[in-house]
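Subject: Structure for your review

Dear colleague,

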Amino acid sequence: MKKVVLIKFGELFLKGLNRPKFERTLVKNIQKRVKKIFDNFIIKISDSIIYIFSESENYGKLERELKKVFGISNFCVAFLVKKQIEDITQAAIICCSEVKQIGTAFKIKTKRSDKNFKLKSPEISKLIGKSILKKYKDLRVDLLKPQIEISIEIREEYAFVYNKITKGAGGMPTGVSSKVTVLLSGGIDSPVAGYMMARRGVSLIAIHFASPPYTSYKAQNKVERLVKKLIEYAENIKLFVVKFTAIQETIEKNCNIENTTIIGRRMMIKIAEKISNNENSKALITGESLGQVASQTMNSLICTNASTKMLVLRPLIGMDKNDIVNIAKKIETFKISIEPFEDCCTVFTPKHPAINPKLEKIIEDEKKLNETCLISEAIKNVQIIDFDKFSEKLAFV
Ligand code: ATP
Ligand code: MG
């Protein structure tokens, strides 16, 4: 019996011009993934459903991939049958046999979008349910608390029968919105922040500030692996590694010790702004969450924010650490993030950083630096890692 993958997408409230772009991008993103798994397949979209037809049967691998495609609200592998009760019944019986155990309570749920079909949805459910009970005498019907649910959809051309619906990643397809830059430290928060914005359809580039020899190559490698994890969701992400050592040493030598963290953070933002402009990236993303550490009090955030005119997105700003950790675990960045390799901020953190820094004082202190020179030197030496070249190996291993 023929099988087909049915993909349904959310964001149904999308209006007008946005919708065709959403659909086109989603199909393109799905296509890229399926290509890696199936040799031959046809993908088509009709009536707000994306269909994948293929002779291949590696649905397990496909399922793992589809779960990471933003824009999908849910999907299923269904039997595709003629719109005849006998065929639908046969498919429903196979669906049942795949999941049934002795005494299993089941329910048939029918949706009939072809209103010309001779039977109404409840009648179809009843009829098929009876046939299943006749075939499997140890099963029983329970409409309120079924252990298995067999779904039947009667559509224009065919009927579809399936026993499992898999939840998708939700959000908007990567690429429907602008490109933005995530500042990736290697900690728990920033990969989650990047993931959350990618889920809103942006494409990402990432910037990491490294301070060798104070920070080891292992710290950078950790960030590279975090980027690879994010690529599983957000397509390609170019990583820019900025050598931050000279800047941090100069700040430490010249500025008030309690201001070093904030001044360092402002320098990061200024460099990120320059790289973003070159890359046509429209905004910055950080993993800041209000009150989490000294550099994230309201006054500290005001000082950091004032270093750029660019939009800074802080998707974690109102979240508790626990909730952030839960997302990090779900997207599998947590284990990488907690590997104990120091990042440049930890190395240079003063014992008593300013908790309520005043912007005027910070700006005054910054005047001791030859900022233009430091920034252009850092940008000149930036290392760019483009993982797309390795994408064959990356996203699907
Ligand atoms: P994270 O868990 O993301 O490291 P954090 O709670 O440790 O965040 P901070 O160290 O104050 O917070 O950093 C705040 C944000 O600044 C980070 O989420 C990240 O976006 C950015 N950032 C900090 N250090 C770096 C770095 N070395 N490279 C790139 N971005 C950084
Ligand atoms: Mg950190």
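Asp 189 has a polar side-chain atom 2.6 Å from an oxygen atom of ligand 1. Please bear in mind that this is a predicted model. Gln 296 also places a polar side-chain atom by the ligand, at 2.8 Å from an oxygen atom of ligand 1. For Arg 265, an N or O atom of the side chain is 3.0 Å from an oxygen atom of ligand 1. In total, 21 residues surround ligand 1. The closest of these are Leu 183, Ser 185, Asp 189, Ser 190 and Gln 296.

The helices may be taken next, beginning with the one that contains Asp 189. Helix α5 covers residues 189-198, and helix α6 covers residues 217-234. The two pack at an angle of about 15 degrees, and their axes are 10 Å apart. Angles under 35 degrees count as roughly parallel, and α5 and α6 are therefore roughly parallel to each other. Their crossing is right-handed. On the α5 side the contact is made by Pro 191, Tyr 195 and Ala 198, which meet Leu 226, Leu 230, Tyr 233 and Ala 234 of α6. By class, this contact of α5 with α6 consists of seven nonpolar residues, with no polar and no charged ones.

Helix α8 (residues 260-278) packs against helix α9 (residues 298-305) at an angle of about 35 degrees, with 9 Å between their axes. Here too, α8 passes α9 in a right-handed crossing. Arg 265 takes part in this contact: together with Ile 262, Arg 266 and Ile 269 of α8, it meets Ser 300, Cys 303 and Thr 304 of α9. The residues of the contact of α8 with α9 comprise three nonpolar, two polar and two charged.

Helix α8 also has a contact with helix α7 (residues 245-254); the two axes come within 10 Å and cross at roughly 145 degrees. The crossing of α7 and α8 is right-handed. From α7, the residues Ile 247, Ile 251 and Glu 252 meet Thr 260, Ile 263, Gly 264, Met 267 and Ile 271 of α8. In the contact of α7 with α8, five residues are nonpolar, two are polar and one is charged.

Most residues other than glycine have a negative phi, and most peptide bonds are trans. Which two residues does a cis peptide bond join? They are Pro 212 and Pro 213, and omega is about 5 degrees. Pro 213 is found in the loop between β11 (203-210) and α6. The other detail concerns Asp 47, a residue other than glycine with a positive phi, near 55 degrees. Asp 47 belongs to the loop between β2 (41-46) and β3 (49-54).

With kind regards

Technical notes:
Residues are numbered from 1 along each chain as its sequence is written. Chains are lettered from A and ligands numbered from 1 in the order in which they are written. This is a predicted model: local features need pLDDT of at least 70, side-chain atom pairs count only at pLDDT 80 or more; totals for chains, interfaces and linings use all residues. Side-chain values use heavy atoms; hydrogens and water are left out. Axes are lines fitted to C-alpha atoms, for helices over the stretch in contact, and angles run from 0 to 180 degrees between N-to-C directions. Helices (H or I, at least four residues) and strands (E, at least two) are DSSP runs, numbered from the N terminus. Angles under 35 degrees count as roughly parallel, over 145 as roughly antiparallel, 65 to 115 as roughly perpendicular and the rest as oblique. A crossing is left-handed if the near helix is turned anticlockwise from the far one by less than a right angle, and right-handed if clockwise. Contact means heavy atoms within 4.5 Å. Ala, Val, Leu, Ile, Met, Phe, Trp, Tyr, Cys and Pro count as nonpolar, Asp, Glu, Lys and Arg as charged, and the others, Gly among them, as polar. A residue is near a molecule or strand if one of its heavy atoms lies within 4 Å of it. A polar contact is a pair of N or O atoms within 3.5 Å; within protein, one must be able to donate a hydrogen and the other to accept it, and residues adjacent in sequence count only if both atoms are side-chain atoms.
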